[in-house]
Amino acid sequence: MWPLYALITILLLPAAAVIAIYASRIRFSRSLVARTVAAQSSPECCRNVIVVAGDSTAFGVGALPAESTAGRLAAAFPHARVVNVARSGARIGHVVEQLDRVECPSADLVLIQACANDVLDIELLRAPTLY
């Protein structure tokens with residue numbers, strides 16, 4: 001009977017290793033999202049308002065605040081107020097909700113950086129099924 005247990009163990013080890021690797025990657029990704037701080041700026045005498053909306057690419061997940069899209073816009077336009085309402089995991093349908101949260105009456109520039117999650121979902125739907 002022990003040869004059967006040994007064979008089952010040998011067959012299941014690769015799957016267990018893959019599950020462990022992906023579980024650690026998912027934990028790391030969640031901690032990365034939790035630690036990310038959205039870059040924004042609000043100078044004293046702001047002349048313009050720039051709004052950034054979208055998914056994790058606009059939010060700046062994995063980047064230092066100064067190196068994110070909003071951070072680079074704030075550095076390029078030091079007299080502009082940069083408002084980042086993007087959220088990790090957002091889809092293109094969430095952008096309207098994000099823009100509704102902006103607390104200024106008008107914006108000079110609205111940057112929408114989204115669709116990564118939408119494209120991933122479409123590709124998953126088109127994945128070939130195995131019979």
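Author: What follows goes from the overall fold to one residue, then to the cores and the surface. This is a predicted model, in which local features need pLDDT of at least 70, side-chain atom pairs count only at pLDDT 80 or more, and totals for chains, interfaces and linings use all residues. Residues are numbered from 1 along each chain as its sequence is written, and side-chain values use heavy atoms, with hydrogens and water left out.

Reader: How many helices and strands does the chain have?

Author: Helices (H or I, at least four residues) and strands (E, at least two) are DSSP runs, numbered from the N terminus. The chain has 5 helices and 3 strands, in the order α-β-α-α-β-α-β-α from the N terminus on.

Reader: Is Asn84 buried or exposed?

Author: Buried means under 20% relative accessible area, exposed over 50%, and partly exposed in between (1.4 Å probe, protein chains only). Asn84 counts as buried because its relative accessibility is 3%. Its place is in strand S2 (residues 80-84). In the chain, 23% of the 131 residues are buried.

Reader: Which backbone atoms lie by polar atoms of the Asn84 side chain?

Author: A polar contact is a pair of N or O atoms within 3.5 Å; within protein, one must be able to donate a hydrogen and the other to accept it, and residues adjacent in sequence count only if both atoms are side-chain atoms. For the side chain of Asn84, a polar atom lies 3.4 Å from the backbone oxygen of Ala58, and a polar atom lies 3.1 Å from the backbone nitrogen of Ala86.

Reader: Which residues make up the largest nonpolar core?

Author: In soluble globular proteins, nonpolar side chains tend to be buried together. A nonpolar core is a set of buried Ala, Val, Leu, Ile, Met, Phe, Trp, Tyr and Cys residues joined through side-chain atoms within 4.5 Å. Here the largest one has 11 residues, including Ile50, Val52, Phe59, Leu73 and Val82. Strand S1 (48-54), helix H2 (56-59), helix H3 (69-76) and S2 each supply at least two of its residues; H3 gives the largest share, 3 residues. A second, separate core of 8 residues includes Ala53, Val83, Val95 and Cys104.

Reader: Where is Met1 found, and is Met1 buried or exposed?

Author: Met1 is in the segment before helix H1 (2-35). Its relative accessibility is 65%, so Met1 counts as exposed.
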